[in-house]
Amino acid sequence: MRAFAIDVGRVGLIAEDTIREVARQRLFAGFVIGAAGLVAGAHALRDFNFGAPELVFLVDCGFGALTMFGAVLAIVLPAQCLAGDGERRVAQTILAGPVHRGDFVIGKYLGIVALIGLFCAALTMILAALVWLRQGELSGAAIGAREPDFDLSWFARHAVLQWMKLSLLAAVVLWLATLAPGPLGATVAGFLVFLVGHLQPVAEQIYRRSGTLAAESVGRVIGVFPDFQLFAERLPGNPELATTDFFRVASYAAGYIAAGCALAIHCFRRREF
Amino acid sequence: MTAIAPSCGPVAALELCEVTKEYPSGCGRMPLRALDRVNLRVGLGGIFGLLGPNGSGKSTALKLLLGLLAPTSGTCRIFGLPSEVPEARRVIGYVPDGPAYPRYLTGREFLRFMARLTGVSRSGREGRLMEVLEWVGLQDAADRRIGGYSRGMLQRIGLAQALVHNPRILILDEPTAGVDAVGVTAIDSLLTRLRAEGRTILLTSHLLGSLERICDEVAILAQGRVVYAAPRSAWVSRSSGLRVDALPAPEQIALRHWVEARGGKVAAASADSLERIYGEAVRAAVR
């Protein structure tokens with residue numbers, strides 16, 4: 001039985017090719033430069049901080065850029081790489097060879113996740129350097145007393161959480177891309193998942209509280225969507241996520257990723273070209 | 001494990017056995033039947049031409065053999081193995097209709113990717129790339145991005161990627177579409193050479209003259225059914241005349257006299273007999 005066995009060599013080759021494909025696209029380069037510019041330029045926007053401490057504002061702005069641009073990548077890349085390859089018929093030539101469709105799907109996903117990881121790492125390093133520089137400048141000033149103490153482990157943990165969140169989103173869009181006839185449908189559906197996933201805890205509570213059967217049913221459906229709020233790291237000084245919580249969130253993401261990939265493989269195996 | 005249904009006969013290189021393929025039309029309408037209980041056997045070695053008007057089911061038949069489509073009923077086999085098994089497709093090189101290859105790769109990178117994907121060993125890989133690039137005449141453009149290739153160059157890089165792993169079977173869907181006359185001749189001679197090496201080639205084309213010259217066997221599809229299938233002898237015997245082109249009329253007459261004086265006979269040229277067979281078969285199917 002070879003139904004779910006993976007050929008590591010071919011998966012790696014397809015992942016490598018996906019990375020090369022995306023890295024050579026102007027769109028990706030534009031996103032990386034745009035996000036890096038926004039993170040690096042956060043310091044210039046500090047007057048719009050609405051009373052928040054400066055470093056908190058810098059971190060909010062930086063991770064906001066990471067989440068915003070990262071989410072677009074996590075949605076657009078699977079849609080382009082899977083639904084787009086199908087629509088442009090590039091996948092035909094590859095799948096006509098001795099390639100299992102599961103290997104193709106997993107290879108594409110791993111390539112995308114690796115790129116998102118690099119994106120998160122690069123932006124986090126820029127942000128950490130910026131905060132470290134500014135922290136040094138502010139350390140002697142009176143305003144510095146209000147600033148939380150950001151250390152590297154906090155940045156690393158937050159970056160990993162964002163990477164997991166974006167990988168989860170990419171896995172869901174990967175599945176949607178196997179169902180959609182073209183990349184546009186998968187992209188639109190992906191943005192809806194992203195939106196519902198951020199509002200999921202609030203919406204679920206509202207629907208369940210209303211008490212009617214219809215509202216409760218809607219609440220249950222919304223409950224199936226991933227809860228992206230779980231991946232928000234608390235600021236230093238506030239009660240931080242305990243280690244067990246971090247692993248709980250990681251397990252939660254891994255579960256959704258496994259389900260998304262399994263569904264994607266299942267649907268892609270039935271797809272005709 | 002995939003269940004292996006009984007074959008239509010002795011093991012063939014490629015085989016469609018009682019294959020029907022229907023595409024859903026949606027909204028409760030009758031499904032579109034692209035192939036209707038088609039039986040097709042491509043023996044080992046030689047060039048097999050699959051002819052038919054647009055929409056007759058040629059590309060569907062090829063995609064079924066490649067596992068890109070699943071049959072509604074019937075079985076598709078490669079050397080006796082179900083075509084949906086990826087390992088069975090290891091022996092196949094495929095050139096799709098309307099070539100679409102990764103635009104962001106150079107020709108050489110694409111060939112290297114396909115070579116690695118199909119298991120060409122590292123030691124012989126670069127040499128093999130050079131060899132197939134030379135066969136299709138793309139050595140000079142090998143390091144240019146595929147996105148900048150012309151239609152003819154895309155067809156040639158398609159042929160190169162299909163050949164890179166030295167496959168026993170080639171499946172070519174309109175390999176000469178968009179290629180100029182010189183390119184068509186070059187592709188024909190390449191295919192003839194590959195046949196001489198013992199490879200099996202299944203191709204579709206609308207260039208009947210070209211197919212007539214190179215094919216060992218043809219099948220004509222019309223409205224999803226095989227309406228004609230015959231080996232080369234069936235049409236070669238019908239075109240036993242001598243066709244003389246680019247010779248002034250007086251010299252043609254002199255040639256005729258010369259042949260007849262030696263007891264020979266010059267019949268009216270009928271080199272387009274495959275075209276005639278094709279026309280008759282398709283018209284009969286439509287009626």
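Biologist: Which residue does A:D85 form a salt bridge with?
Modeller: This is a predicted model, where local features need pLDDT of at least 70 and side-chain atom pairs count only at pLDDT 80 or more. Side-chain values use heavy atoms, leaving out hydrogens and water. A salt bridge puts a side-chain nitrogen of Lys or Arg within 4 Å of a carboxyl oxygen of Asp or Glu. With the closest N and O atoms 2.8 Å apart, the partner of A:D85 is A:R88.

Biologist: Is A:D85 buried or exposed?
Modeller: Buried means under 20% relative accessible area, exposed over 50%, partly exposed in between (1.4 Å probe, protein chains only). A:R88 has 36%, so A:R88 counts as partly exposed. A:D85 has 2% relative accessibility, so A:D85 counts as buried.

Biologist: Which residues are linked with A:D85 in a network of salt bridges?
Modeller: A:D85 pairs with A:R88. The network holds A:D85 together with A:E21, A:R88 and A:K108.

Biologist: What separates B:E131 and B:R128 in helix α3 of chain B?
Modeller: Their side chains meet in a salt bridge, 2.9 Å from N to O. Helices are DSSP runs (H or I, at least four residues), numbered from the N terminus. B:E131 and B:R128 are three residues apart in helix α3 (residues 122–136), so the separation is about one helical turn.

Biologist: Where is A:L195 placed?
Modeller: A:L195 has 52% relative accessibility, so A:L195 counts as exposed. Its place is in chain A, in residues 183–210, helix α7.

Notes
Residues are numbered from 1 along each chain as its sequence is written. Chains are lettered from A and ligands numbered from 1 in the order in which they are written. Helices (H or I, at least four residues) and strands (E, at least two) are DSSP runs, numbered from the N terminus.
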